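Colleague: I am new to this structure, and I would like to know what stands behind the words used for it. Could we take the terms in turn?

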Amino acid sequence: MSTAVSEILDEPKTPAVGRKRSDFVYYGLRNKKLVFGLGLELLLVLFAIIGPMLAKYGPQTLTGAQLHHPGGTYWLGTDSLGEDVYSQLANGIRESYLVGALGAVSAAVVGMTLGFTAGWRGGILDEVLQMVTNIIVMLPSLVLLVVIGSYLNSRSVLFEGVFIGLTTWPWVARAVRAQTFSLRSREFVEMAKLSGKRPLEIIVRDIAPNMASYLFLVVILLFGSSMLLAASYDFLGLGPSNTVSLGWMMNQATQNAALLYREWWWFVPPGAVLTAMVAALLVANVGLDEVFNPKLRQQ
Amino acid sequence: MSVSVQNLSVAYRSRRGDVTAVDNVSFALADGEIMGLAGESGSGKSTLGNALVYLDQRMKATGGTVTVDGRELPIADTRAMRPLRMTEVSLVPQYAMSALPPTRKIGKLMTDLLKSHRVGDQRAVMTELKRRLELIGLREDVLDKYSFELSGGMRQRVTIIMSTLLNPSLLIADEVTSALDVSTQRAVGEMLLEFRDRGFVKSVITITHDLAILAQIADSIAIMYAGRLAERASTDAIVNSPLHPYTQALIASLPEVGVRHDQVTLTGIPGRPPSLVSPPAGCRFRERCPFAFDKCTQTPPFVEIEPGHTVACWKASDERGAAAGRAGQEQAV
Amino acid sequence: MSTLKVDQVSKLYRATSRAGGLTPALRKVSFDLPPGEVISLIGESGSGKTTIGKVLLRLVQPTSGTVTFDGKDIAGYSQRGLREYYRYVQGVFQDPFSSYNPIYRADRVFDLVRGAYFPKISAGDWSAKIEAALDAVALNPADVLGKYPHQLSGGQQQRLLIARALLLDVKVLIADEIISMLDASTRVDVLNLLVKLKRQGLAILFITHDLSLGNYVSDRTIILRHGAIVEMGATEKIFGNPQHDYTRMLLSAVPELHKKWQRTPVGAVPAAVAASTLTQASLLDELTHAEQVVKRDLRAVFGGSRAVASGKSQVAVALEPPTLREFEPDHQVADPE
């Protein structure tokens, strides 16, 4: 029945793929989740860019005014050392985004490469890569971080980002592998083979674009989870040793018993902002999924 | 008349407005009649068949009435149709055999069906079910199997049994013989005949593009083109003396066993059916018709040219008129 | 003279069901495909007809047996050799829409070919080639160039794919059920196109389940059942005088416009006659059951993978197709299984 309908309405038969960009824009703008999530995220990104420039003090500058309430010169108050909380927040967001991006990109690169290879070739190579994937999944990344961290003099943002990437790529790889498996037996892939195309060309030009929407969603989720993971590491004191981040702020606040002393301006802002950053991303993701998959829409 | 469809129109909602897929269609079925609804993709035959049983959210009935056994079907009201589905009218949808849930045994699917229709005496129905399975050569242990354990033909026959279990007055079978092997096609075709002969269903509308199968099992055939009925007559008349140019061209394009290309060259119909989003005025077959003339820019009415033979074509009706005129003149003389 | 020779090709699949073991999709199939000839490969589902097409296109590796093109074994081709092979041997499949990558325009299928086979061709020469190919398949360039696949009809999509094959120096076309998803009015046009190409010297393997189509278009016919050939020969001889029970059953089950199935109607007819209608339906079902039994027996010989490891001879025995005997010149029939 649905093919009969699509023939009558002159519509493409496959969802998401093959439809005009104008379709995406049309439905995208009408999807409340996407608009809300994306909007909020953009605001936060904007804040990450402009925020630090508006700060009067550096994030770790000792102002001499300790544990001030928010207001006046110190918009979000100060911490126990007298550092400006607003400045820390603004810079912290930047760091979180940076680590999130690094983590997402490295996970995506490794995951997609291994996923495409395993999915395309199958056979023994696939079995080996699956084994590797399972091993990485089972590794307790926290313990690994502690162990590796202890050998390093200092931990940088780059290190944290890449570490997160190298420990979270498995589920990207699995998703990509599964999709590649199902796509590689499609007839247009066989057509490409019959046209003398090499495997790499086929993967890049035929298979990956058909997964584009899916890959996009995966990367967004990776981004969110990287940020969250980084914040957790920072909170435990395993983050970069020389920078300020949201997790680090919460770590400092806890160590100085801010909760006990009701110094809410110290721990609430980083937590709230982090939640907003990740939640907005996830909400936008759900909305985007609805745009890509017409069946999910309630029209 | 068991089934009567009068001026039925069904449209789809789309971003570009309503698209009329079934345009002012009228026909009637007698008790015990199997009618073949034939047409190509995009003709609207599937829409017509489905509309008689279940209008999904995208469809809406924009006009006309459907009467079964003397009472009008409230096809536009999905809720009101619920109690009538499977008991008065029933549908075997296209791809039904692929849509059987794989996690439940066939027997369980049947009992679930009976429960949802609040059938009183389930045991009696199940006994009847087993009798029917035996009738068509399926063993009772089919009830104990999952859908993926059955072959394509078996699944198709199971879906037909499910749809006819409550003895509906009208069964609509949408492409039930496509995608089947030739031997199972025959088994399924004969099953429909069997069920009609034994009174398990009163009338049947078989929707298909395959005229050869209709020649075997249908009593009458209705040909649809671009949302409208082109011709309706007994199977014999359609196959041996079709009047509508589309039907004629369709019959002429069918290869038969025993016919080779070096003996007879078959020809197809050039062009494509018109888009239903913005259909042309007048006869919709006009652009592909070898006999089109200026009158065809007006929509030809669907009229009875000969007893039991209705056509929507100016050429056919004009010729009939001329022949009648000549016969009248000869008589006068 | 280029010929595609299929010699004792077998294909075993590892069954994914709980029963385990191996399923023979092809059992020592042998035939020749000479130039300028259309051979219909007729079979129902599970006969192996699609598998043989994929083996010939080297999309699937046979378990045993050889396929030779112009005397050379195609299994030995490297990446470059394979590319050359595809210059001469091409395929068109059942679902025309699936053969197109939906995110690109339909004529990308032409560009795919250009990259590997005509890397240095000029734009002018390339358009001329495309126009010639489209002309050969009776497509108007204005109707199809620049469009997305979903904007073309099934018939146009199929003919575009055939045009793509014609851009190369194709000598063999594997047509796998290319008509079954097309409307009746366009089917014949594609069939007539195949006949025209055959007359120009193309060899075509026309894989189908539809006997009337096979009859119309082919010079020779092969009936395939459970991976083995049961009848093979000149089309008129097979259709005019079928010898194998399976072929006869197929021919009797084909619905024809002007001939009704032999059937006794039920109703006012006494029970004894009614029973005979029953047996008709169950006869067909019995045949299907019989085929299931054959399949099961074949699998039972293999058992699990252990059996394969232990007895290559067991495998050899179970793979044995029924022997083909010559019934008359150009008409071979297999012994009943």
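Modeller: The crossing of α10(A) and α12(A) is left-handed, a word used if the near helix is turned anticlockwise from the far one by less than a right angle, with right-handed kept for clockwise. This is a predicted model, in which local features need pLDDT of at least 70 and side-chain atom pairs count only at pLDDT 80 or more, while totals for chains, interfaces and linings use all residues. Residues are numbered from 1 along each chain as its sequence is written, and chains are lettered from A in the order in which they are written.

Colleague: What makes α10(A) roughly antiparallel to α12(A)?

Modeller: The axes of α10 (residues 212-235) and α12 (residues 264-292) of chain A come within 10 Å and cross at roughly 170°, where axes are lines fitted to C-alpha atoms, for helices over the stretch in contact, and angles run from 0 to 180 degrees between N-to-C directions. Angles over 145 degrees count as roughly antiparallel (under 35 as roughly parallel, 65 to 115 as roughly perpendicular, the rest as oblique), and therefore α10(A) is called roughly antiparallel to α12(A).

Colleague: Which residues make the contact of these helices?

Modeller: Among them are A:Leu217, A:Gly224 and A:Leu228 of α10(A) and A:Leu274, A:Leu281 and A:Asp289 of α12(A), contact being given to two residues if their C-beta atoms, placed from the backbone, lie within 7 Å. By class, this contact of α10(A) with α12(A) has 14 nonpolar, three polar and one charged residues; Ala, Val, Leu, Ile, Met, Phe, Trp, Tyr, Cys and Pro count as nonpolar, Asp, Glu, Lys and Arg as charged, and the others, Gly among them, as polar.

Colleague: How many helices and strands has chain A?

Modeller: Chain A has 12 helices and zero strands, helices being DSSP runs of H or I with at least four residues and strands runs of E with at least two, numbered from the N terminus.

Colleague: Which residues touch the most other members of the largest nonpolar core?

Modeller: Of its 151 residues, these are A:Val172, C:Ala175, C:Leu205 and C:Phe206, and a nonpolar core is a set of buried Ala, Val, Leu, Ile, Met, Phe, Trp, Tyr and Cys residues joined through C-beta atoms within 7 Å. Helix α4 (residues 85-121) of chain A gives the largest share, 16 residues.

Technical notes. Buried ≥ 20, exposed ≤ 12 C-beta atoms within 10 Å, placed from the backbone.
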